Amino acid sequence: MIEFKDVSLIYPNRVEALKNIDLTIEKGEFVVIVGMSGAGKSTLMKCINRMVVPTGGEVIVDNQIVSQLKESKLRQLRTQIGIIFQDYNLVKRMSVLRNVMVGRLGHTSTFNSLISRFPQEDLQLAMKNLKRIGIDEKAYVRSDQLSGGQQQRVSIARVLTQQPKIILADEPVASLDPPTSHQVMRDLKRVSKEDGLTTIVNLHFIDLAMEYADRIIGMREGEIVFDGPIAEVTEKTFEEIYGRPIREEEKRGD
Amino acid sequence: MNNQKKISLRSQRSVKQKTIITLIVTSLVLLYAFSLWSQDFTIASSQSSPLTILYRLFIVPIIDPTYWSSFVENSLLMLETVAIAYAGGIAASLFALPLAVFSAKNSGGKVSYVGKVILNAIRSIPELLFGVFFVAAVGPGSFAGVLAISINSIGMIGKLYAESIESIDRAPVDAIKASGGNRLQAFWYGILPQILPQFLSISLFRFEIDVRASTILGLVGAGGIGVPLILSQQQRHWEEVGVILIIVIVFVVVIDQLSGKIRTKLV
């Protein structure tokens with residue numbers, strides 16, 4: 001469970017990224033955060049694994065106050081939180097399998113990881129996860145040989161191999177074309193349901209949000225302006241979140 | 001169509017720009033004229049014509065069997081030169097590593113310019129000077145050559161290493177740290193795979209240069225093929241000089257080709 005209690009964040013350049021956020025996300029939810037760029041979506045997400053530290057309030061993940069964790073406890077928490085980035089963040093020169101094994105680094109001793117000695121069951125796990133998203137035959141291919149959509153699916157396999165409880169995906173399909181976007185979102189939703197993971201996705205395409213979310217949180221200027229199950233959401237809701245009519249480019253299409 | 005304003009590919013230059021360009025071009029032309037005029041083109045008297053020397057350099061050693069044995073002898077010395085370059089190059093690659101980390105902007109931080117200044121200073125001293133210095137310090141022989149090559153190469157290798165460290169992609173490092181990896185793991189899995197092929201390629205490229213440089217270093221007594229080269233040249237023993245030059249050319253060409261091939265495979 002993830003809780004935000006009266007969380008505020010003011011960046012050093014005095015930008016108020018988050019204003020008094022109160023929010024609870026239950027285990028196993030698939031939440032999509034929507035809002036225009038600069039609304040505070042990324043900042044909200046970064047608070048969860050302390051890539052940024054709130055200037056006020058508390059973020060509580062699994063009953064631990066994130067801002068009070070010591071360095072080693074923080075690393076432990078981070079192994080529980082998988083992140084999917086907009087630009088995949090793979091090491092381009094390494095093979096797909098090695099990139100997926102990067103997800104195991106937090107569970108592997110430093111010495112063993114330096115000499116690439118991973119337990120066989122970890123390698124089995126990595127391979128199984130590649131199979132789940134259908135790119136196991138590319139395991140030994142250099143990752144820069146893959147298309148954008150394939151690379152993003154490798155990064156999903158990497159996150160799964162980390163065996164996290166929470167997945168944070170920050171604009172995971174912003175660099176992809178419509179059919180690939182759908183495939184990545186489908187894969188992400190499927191595996192997170194299969195493993196019972198809490199998943200938070202930042203999106204700015206409203207049709208993708210409508211199609212894949214269980215619950216939608218709308219943000220504008222650092223505040224939560226909408227929070228409700230997908231059944232309550234219509235195009236009107238998005239117009240309220242954005243504060244203006246929806247434009248065609250805010251839909252990804254099929 | 002005709003009433004459209006004409007579009008030129010280049011933006012219009014102002015009068016000031018035109019004057020500056022004219023000034024630069026004229027001064028370059030004048031500089032060239034002056035340097036030509038200041039040369040002394042008279043040929044000092046010589047006992048043998050350039051053609052005979054060329055003949056004795058490159059034809060006689062090949063057609064006259066008496067010189068064939070000296071090919072073997074000098075090839076061994078050339079191997080010593082290659083060994084000097086190799087040893088010096090490896091030492092330089094190792095020493096350049098910390099200097100490069102120190103002088104790259106993203107890893108060295110605010111004091112990175114100190115490292116850059118050191119590397120620049122090393123690079124601005126010619127290797128022959130290092131050769132003379134080390135021959136004086138440790139005596140003539142290949143050890144002086146190795147020292148001269150290694151110190152001299154640090155300048156260039158360090159600078160190129162630093163540039164490749166500066167150009168790395170930080171994103172995978174963030175990904176590893178965010179998933180709970182520690183700093184060493186982030187370096188090993190996020191940075192090393194990005195820089196290692198480039199580092200190898202840089203060191204190989206420098207090795208090519210070092211083979212040529214250590215040939216020259218023999219001239220000041222720092223071991224290898226350069227020693228017999230300078231001796232036979234001073235005795236005007238052109239056939240012997242020819243043998244050595246042919247060996248040097250063959251070795252340098254082969255090494256450059258090989259290392260070029262390896263380098264394209266690496267990156």
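Residues are numbered from 1 along each chain as its sequence is written, while chains are lettered from A and ligands numbered from 1 in the order in which they are written. As the model is predicted, local features need pLDDT of at least 70 and side-chain atom pairs count only at pLDDT 80 or more, whereas totals for chains, interfaces and linings use all residues.

**View 1. Packing of helices H7 and H9 of chain B.** Helix H7(B) covers residues 142-166 and helix H9(B) covers residues 183-217; helices are DSSP runs of H or I with at least four residues, strands are runs of E with at least two, and both are numbered from the N terminus. The two helices pack at an angle of about 150 degrees, with their axes 9 Å apart. Axes are lines fitted to C-alpha atoms, for helices over the stretch in contact, and angles run from 0 to 180 degrees between N-to-C directions. H7(B) is therefore roughly antiparallel to H9(B) (under 35 degrees counts as roughly parallel, over 145 as roughly antiparallel, 65 to 115 as roughly perpendicular and the rest as oblique). On the H7(B) side, the contact residues include Gly145(B), Ile149(B), Met156(B) and Tyr161(B); on the H9(B) side, they include Phe199(B), Arg206(B), Asp210(B) and Leu217(B). Two residues are in contact if their C-beta atoms, placed from the backbone, lie within 7 Å. The contact comprises twelve nonpolar, six polar and two charged residues, where Ala, Val, Leu, Ile, Met, Phe, Trp, Tyr, Cys and Pro count as nonpolar, Asp, Glu, Lys and Arg as charged, and the others, Gly among them, as polar.

**View 2. Packing of helices H3 and H7 of chain B.** Helix H3(B), residues 68-103, packs with H7(B) at an angle of about 40 degrees, and the axes are 5 Å apart. H3(B) is therefore oblique to H7(B). Their contact contains 18 nonpolar residues, nine polar residues and one charged residue.

View 3. Residues 83-104 of chain B are 95% helix, with end C-alpha atoms 30 Å apart. Residues 186-205 of chain B are 100% helix, with end C-alpha atoms 28 Å apart.

**View 4. The two domains of chain A.** The domain assignment, automatic or from a database, gives domain 1 (26-50 + 65-80 + 166-247) and domain 2 (88-163) of chain A. Their C-alpha centres lie 24 Å apart. The contact takes 13 residues from domain 1 and twelve residues from domain 2 of chain A. On the domain 1 side, helices H2 (71-79) and H7 (178-194) of chain A each give two or more residues, and H7(A) gives the most, with six residues. The side of domain 1 that touches domain 2 has six nonpolar, four polar and three charged residues.
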